[in-house]
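Dear colleague,

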Protein chains: 2
Amino acid sequence: MPATGEDLHDAIIEEPATYSDAILSSDEEIYTKPHQPSAPIHSPPQKPAFFESLPVREHHEDFIRQCVDVLVKEAVFEGTNRNNRVLNWKDPEELKRLMDFGLRRAPESHEQLLKILKDVVGYSVKTGHPYFVNQLFSAVDPYGLVAQWATDALNPSVYTYEVSPVFVLMEEVVLKEMRQIVGFEGGKGDGIFCPGGSLANGYAISCARYRFLPDVKAKGLHALPRLVLFTSEDAHYSIKKLSSFLGIGTDNVYLIRTDSRGRMDVSHLVQEIERSLGEGAAPFMVSATAGTTVIGAFDPITEIADVCEKYKLWLHVDAAWGGGALVSSKHRSLLKGIERADSVTWNPHKLLTAPQQCSTLLLRHEGILAEAHSTNAAYLFQKDKFYDTKYDTGDKHIQCGRRADVLKFWYMWKAKGTSGLEKHINKVFENSKYFTDSIRHREGFEMVIEEPECTNVCFWYVPPSLRGQKESRDYKERLHRVAPKIKERMMKEGCMMVTYQAQKELPNFFRIVFQSSGLEKADMVHFVEEIERLGADL
Amino acid sequence: MPATGEDLHDAIIEEPATYSDAILSSDEEIYTKPHQPSAPIHSPPQKPAFFESLPVREHHEDFIRQCVDVLVKEAVFEGTNRNNRVLNWKDPEELKRLMDFGLRRAPESHEQLLKILKDVVGYSVKTGHPYFVNQLFSAVDPYGLVAQWATDALNPSVYTYEVSPVFVLMEEVVLKEMRQIVGFEGGKGDGIFCPGGSLANGYAISCARYRFLPDVKAKGLHALPRLVLFTSEDAHYSIKKLSSFLGIGTDNVYLIRTDSRGRMDVSHLVQEIERSLGEGAAPFMVSATAGTTVIGAFDPITEIADVCEKYKLWLHVDAAWGGGALVSSKHRSLLKGIERADSVTWNPHKLLTAPQQCSTLLLRHEGILAEAHSTNAAYLFQKDKFYDTKYDTGDKHIQCGRRADVLKFWYMWKAKGTSGLEKHINKVFENSKYFTDSIRHREGFEMVIEEPECTNVCFWYVPPSLRGQKESRDYKERLHRVAPKIKERMMKEGCMMVTYQAQKELPNFFRIVFQSSGLEKADMVHFVEEIERLGADL
């Protein structure tokens, strides 16, 4: 009979009497050796000879290794094999019936737990599959994965040097290197890893606001002037969402028009700044975007920086998506002027394919994060420690406990070198260009933007029944229904995943995203043919 | 010569000519099989017979398995063995010299990468070690760990059902079960997983504020009444920090006195509410604490709920730490009245030892999170999908991309059953009581709070040279220096980690935290003896 947690728990609450009882009783967590008060812990550590043969260790180690087998085989390798499905679609109600989600009073056996794990893997979308081109993240990087697993095994919280020495120093190194790549002088400034680009943007707003009116930290926004910030209508929704969360309000995010290629219209920006001044409001920040979410447009940072200088506004660049291009000497000119930004959001989990989540905010101003956010909690950030407490970096975050998102990216960077990251970027831009060239003049395909700037490509597929009917009254409506239908079919087959959306007056169009350098030109052709196959009869 | 990323990258940018070239070229990410346009992806998936023998898969799989070996042995089992050190202390400057943190243009070999991984493990604090009793998290749970690894291998982002079907449904199940345990009728309400308890508290403030003044979402706090919230002076600093981030301002967090046992003084709360009203401010929320960070006190929720009812204030309970006690019929009365809360923060990564991070916010009000935070981004939350889009839950979060923190906890829960969670809680409370009893009358030990309510125990160690000198002029000063010195010694030996802090007029005292049910009574004795040994000559 397989051992269950219940058996072991029953053992746990008994006081250990003999040595082997103690071993069994410590099974809930992973500790494998009971305390021996006679063996002083401060003597040099010795590896006990019997360690490897402890029955409980074997019991748990066996289980862990069986699980790793499932993960390596089914999630990692089979899950990214082009011969296998991207997903095994089940309707929510159906999936509730198929998987045993329920939590019960009694524990499950290891046998059952293995089956459950296989179900979790089996019914999950394989986001690392080459045909998952649905979001701004994808791919499984083996070095990133291993480093994530290491992070989990070490289970740190990155707030003090005493608890996370390696991770604290590693964050410093990576953030400095990234600031250097952005172009901040000497890599100087400030920075953090945050749980996602939305929060990175939120931090940027918070720092800009603090720099504008330090009083806000203690007094709040009540009775201060009405703060206004500016971003383009194609910017990520997090600017609005976080402005609302930060108490600024969505109405005070003035949306700037974009041009035909999705880039911020700088003359409209100036008009809107002037309008806000005319209203007696206090403009304090512009958030430019380097790589918009849908179109992949790069706002003209240099021109925006000039405007910010003139009006003394904080310049934030949301390069969550496009930031990766900075590591390529071929493509970094897309972000020209970014070195003039006050702050930059850059998510290595996007174009650089680090595992979820790996998001950074980089700032040109040293110490600004702590100034804006510190509360000096005495129980955690004691000043009478025996080491240099400048390494206790937690107080500049709004999180307290915090996962270490650095190791996975640092380890990938070590494994590939900066040159490898650059080649990766060049490859995904090539893929994107190849795909664009493949569909540009192909019957049934129409580009939304003629020359995509980033590696997300937006296009319509026009099925045979709709071709040549652009002038007909209901053309737009009918075209609008094509992408959702093709998406439904591809989901149900599980053959690929690509997203679609409408934007402004444009009917639903596809957005395919290239960020995996494991993709080849043959894959580009495959995507085109799949969409044709799925939409031929519409 | 070991293969390096550089070699492989060189291969990547060439177009694959032959089959084996293609294999090599796809090595950056983990894909192991090139696209074959002739094999339709939509036909039933077949496991290719040759799959296991592909050289690149072997290359990567070998590396992954070697890394897993390092992690399982060195991080997990040796790292939690009582015979080994909790940490191998190095000063920041020394560690910078010892570890190769630098990022370079050229890639590292697999051999070097393995060495690096061992260094990361070797110099990291073993937060799962039984003698790491320094923070409100600890222990390595094998089921939690495996499930974290699964999450990483699947690399989901939990915003839409189409991308994360399993995780979306699993979150629903766990959050409902937790609401039921809290006591919300029928488990109804709302809830989310968030990156840490601080942000959970921030969400609570945001929801309370929205409920009080829905205008805040669009208009912001400017020109609205001055909002005021209340929490005890012993509450976690995140209430102040997030109030500042949310634009409310730290001055508008009115701190309520605590009694001699660290619990909120309800009569002072009433006075402060009246004071704010007298000032013309708008009180909107009370944040009670169930298990304060340092003392482990439980605020009297029932009485606070009565006050909130009278003044129509939102009642939040920050049970990030103490929430775990809810699963124990023996200890849940500590949180009596919590079922009357509007919102509850509860971190399973604390008392219930789920891996970092696993934090939840649970609310009694259905739909409030989306009302307060949604922005309806059209590119992600399309309404014309073919499935029920109520399962696209991402818009109620302020994050966009979001890690799945649910699987590790759900899997632990499955493995142990609710009964196992309950036994765990009972065991850690027993440990705490046993430790308290061990030091209460022991020479040289003095309790900060005579009867700790939770499993964090605060005490002074008074070295022989200071005993019987309480009346001397510099007693407090000298006692204040004891804990930092003992902490320094234990860190440098690596024998254990326990934190200390001053609070109000009290000099530095230790706070030991019990949350691992792998600890036995013998360990409690060991802690006492270690502190005596380390402090004997002070």
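**Confidence and interface**

In this predicted model, chain A has an average pLDDT of 91, and 90% of its residues score at least 70. There are exceptions within chain A: over residues 1-27 the pLDDT is below 50, although this stretch has 54 contacts in the model beyond near neighbours in sequence. The pLDDT likewise stays under 50 over residues 33-54 of chain A, where the model has 48 contacts beyond four places in sequence. Where pLDDT is low, predicted coordinates should not be read in detail. I would therefore ask you to treat the contacts of such stretches with that caution.

I turn now to the interface between the two chains. On the side of chain B, 217 residues are in contact with 216 residues of chain A. The size of an interface is often expressed as the accessible area lost when the parts come together. Between chain B and chain A, the buried area is about 19,200 Å², and carbon and sulfur atoms give 59% of it.

Charged and polar pairings also link the chains. The count of salt bridges between chain B and chain A is 15. In one salt bridge, the side chain of E422(B) meets that of R105(A), at 2.5 Å from N to O. Residue pairs in polar contact between chain B and chain A number 85, with both residues at pLDDT 80 or more.

As to what chain B brings to the side that touches chain A, helix α14 (residues 407-440) of chain B provides the largest share, 16 residues. By class, that side of chain B consists of 98 nonpolar, 62 polar and 57 charged residues.

Yours sincerely

Conventions: Residues are numbered from 1 along each chain as its sequence is written. Chains are lettered from A and ligands numbered from 1 in the order in which they are written. Side-chain values use heavy atoms; hydrogens and water are left out. Contact means heavy atoms within 4.5 Å. Buried area is the accessible area (1.4 Å probe) that two parts lose on being put together, summed over both. A salt bridge is a side-chain nitrogen of Lys or Arg within 4 Å of a carboxyl oxygen of Asp or Glu. A polar contact is a pair of N or O atoms within 3.5 Å; within protein, one must be able to donate a hydrogen and the other to accept it, and residues adjacent in sequence count only if both atoms are side-chain atoms. Helices (H or I, at least four residues) and strands (E, at least two) are DSSP runs, numbered from the N terminus. Ala, Val, Leu, Ile, Met, Phe, Trp, Tyr, Cys and Pro count as nonpolar, Asp, Glu, Lys and Arg as charged, and the others, Gly among them, as polar. pLDDT is the predictor's confidence in each residue, from 0 to 100.
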